[in-house]
Amino acid sequence: TAVNLNYTATSSIINKCNEAAKVTHVVTSKRLMDKFAFDLQAELVFLEDIKNEITWKDKALGFLDAKLRSASAVTRPLTGRSRSKDDPLTIIFTSGSTGDPKGVVLTNNNIAANINSFDSVLTLTEKDTIIGILPFFHSFGFTITLWAPMILKLAAAYHHNPLDAKQIGKLTEQLKATILLATPTFLRTFLRRVEPDQFKSLEVVVVGAEKLPQSLSNAFEERFAVRPVEGYGMTEMGPLVSVNIPPSRNRSPDKQSGLREGSVGRPLTGVETKVLSIEDSKPLGVNEDGMLYVRGPGLMQGYLNKQDLTNQAMQDGWYRTGDVGHIDADGFVFITGRQSRFSKIGGEMVPHVLVEESIHAIIGETNSAGGISAVVTAVPDEKRGERLIVLHGELDRPACDIVTQLNTTTLPKLYLPCADDFFQVDSIPTLGTGKLDLKAICELASQKVNETSSTSS
């Protein structure tokens, strides 16, 4: 069972993952260990050493195995039995954006179902080449950029650093790649550092992990003549739930029928979605916001050695996503925020993302370095329950001016932060997958508020 470790995490987090998955040996490279200086509580097996031990006889036997023997005949001597579709294929640890990572156990069938659904939606062919920049400790990277090319008739090329835009641009141009899977964070980097001609072969750009702002889609399309579409998923679903279909891959006469701006698309084949009330778990109707539940063939076996958390997350075969959203009359899914990205202020639920979008509309979504310009989080407040905090980079205007402009929007007054709630930081914490590191953001906000309180007292 493969366990791809998050090399952007700390040694402490990686060791926790190893302990949970009973990993005793880590296959890695000397160059990577020199770069990150990890202190891992496991025996290290270096690829450079293995390479020197492989003989021409090993290569010949490997070639014959691949050409003449069935998959079960190859694997049976290694495992002592044939592999079944319900056997675990991988353990992928969640990003830890809201807490400690959890080990998600995904089976052969989970991964195969995801690949088949992705193929049926995008009509992949042997003429396609995927640029693989998402890390394999990310479920999207593991399932689609690693396994899909091995199962389907398409090619793939990989680059280890998704932020190395110049090399990714060169690789895409050289191979005339057609498919790019990314996050909004990575797209912002490409906008600044990739030349238009380098991406002219791209036909499909699918973005996930974070909300895709329309302004970012517009800017990307204007520069590269291909419009990104948004998809949705989570590690627990292996990961795909829904995706918008790019017009270039829509087999319907109406090329726009599979795409709805602002949504994360319709559920994939075999995947079902429903929305329940957050307060009493009653089913909600069309366009009513509530907690999103999903189920389908990609649903995990469970969390590794955490049956209590598995029981909390999975109810009667449905997975409680933790995302708040609604489904429109045509079946398109809209995500309006995470439950963890809401604050209860004065008895009302205040969505961080909505406030964030209003701030971005005033100051711009990105800073001079191409990163996100501001993020909204919250800290405890004795009077109102919670207090909104805005972490940001260098601003081109005072915070009080931003608050004044926010007052002219349609946001309820309860949603508006004060000028004293704005704090400048060196950078907005993000994870290796490109997601916002919500846990680190919350901790940084608390630190800034505490420092201000100490100074004023």
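# Reading side-chain contacts

Colleague: How many aromatic pairs are there in this structure?

Modeller: The count comes to 9 aromatic pairs. Keep in mind that the model is predicted.

Colleague: How do I read one such pair? Take Y7 and F137: how far apart are their ring centres, and at what angle do their planes lie?

Modeller: Look at the distance, then at the angle. Planes over 60 degrees apart count as edge-to-face. The ring centres of Y7 and F137 are 5.2 Å apart, and their planes are at 80 degrees, so this pair is edge-to-face.

Colleague: Where do Y7 and F137 lie along the chain?

Modeller: Y7 belongs to the segment before α1 (11-21). F137 is in the loop between β5 (129-132) and α7 (139-151). The two parts are 130 residues apart in sequence, and the pair ties them together.

Colleague: Is F137 buried or exposed?

Modeller: F137 is buried, at 6% relative accessible area. The cut-off for buried is under 20%.

Colleague: Which residues are linked with Y7 and F137 in a cluster of ring pairs?

Modeller: F36 and F38. Ring pairs join Y7, F36, F38 and F137 into a cluster.

Colleague: Now F199 and F220. What kind of pair do their rings make?

Modeller: Their planes are at 40 degrees and their centres 6.3 Å apart, so the pair is tilted. F199 sits in the loop between α9 (184-193) and β8 (204-207). F220 is in helix α10, residues 214-224. The pair links distant parts of the chain, 21 residues apart. F199 is buried, with 0% relative accessibility. F220 is buried too, at 0%.

Colleague: Rings can also meet charges. Which ring lies under the charged end of K102?

Modeller: The ring of Y303. The charged end of K102 sits over that ring, 5.3 Å from its centre. There is another case to look up. The charged end of K274 sits over the ring of W318, with 4.3 Å to the ring centre.

Colleague: On to charge pairs. How many salt bridges are there?

Modeller: Start with the idea. Side chains of opposite charge can pair when their charged atoms come close. Here the count comes to 12 salt bridges. One of them joins the side chains of D49 and K30, at 3.2 Å from N to O. D49 is in helix α3 (residues 47-53) and K30 in helix α2 (residues 30-36), so the bridge ties together parts 19 residues apart in sequence. D49 is partly exposed, with 33% relative accessibility. K30 is partly exposed as well, at 35%.

Colleague: What is the N to O distance between D65 and R69?

Modeller: It is 3.0 Å, and their side chains meet in a salt bridge. D65 is partly exposed, at 26% relative accessible area. R69 is also partly exposed, at 39%.

Colleague: Which residues are linked in a network of salt bridges?

Modeller: D128, E203 and R249 are linked in such a network.

Colleague: What about the cysteines? How many disulfides does the count give?

Modeller: The idea is simple. A disulfide is a covalent bond between the sulfur atoms of two cysteines. In this structure the count comes to 0 disulfides. Take C400: the nearest cysteine sulfur belongs to C418 and is 12 Å away. For C418, the closest cysteine sulfur is that of C400, too far for a bond. C400 is partly exposed, at 40% relative accessibility. C418 is partly exposed, at 45%.

Colleague: Last, the surface. Which residues form a nonpolar patch?

Modeller: V27, L47, I50 and I54 form one. Together they have about 340 Å² of accessible area. Find I54 in the loop between α3 and α4 (56-68). With 44% relative accessibility, I54 is partly exposed.

Notes
Residues are numbered from 1 along each chain as its sequence is written. This is a predicted model: local features need pLDDT of at least 70, side-chain atom pairs count only at pLDDT 80 or more; totals for chains, interfaces and linings use all residues. Side-chain values use heavy atoms; hydrogens and water are left out. A salt bridge is a side-chain nitrogen of Lys or Arg within 4 Å of a carboxyl oxygen of Asp or Glu. Helices (H or I, at least four residues) and strands (E, at least two) are DSSP runs, numbered from the N terminus. Buried means under 20% relative accessible area, exposed over 50%, partly exposed in between (1.4 Å probe, protein chains only). Patches are made of residues with over 30% relative accessible area and no salt bridge: like charges are joined within 9 Å, nonpolar side chains (Val, Leu, Ile, Met, Phe, Trp, Tyr) within 5 Å. Accessible areas come from the Shrake-Rupley method with a 1.4 Å probe; for residues, only the protein chains shown count as cover. A disulfide is a pair of cysteine sulfur atoms within 2.5 Å. Rings of Phe, Tyr and Trp (its six-membered ring) pair if their centres lie within 6.5 Å; planes under 30 degrees apart count as stacked, over 60 as edge-to-face and the rest as tilted. A charge sits over a ring if NZ of Lys or CZ of Arg is within 6 Å of the ring centre and within 35 degrees of the ring normal.
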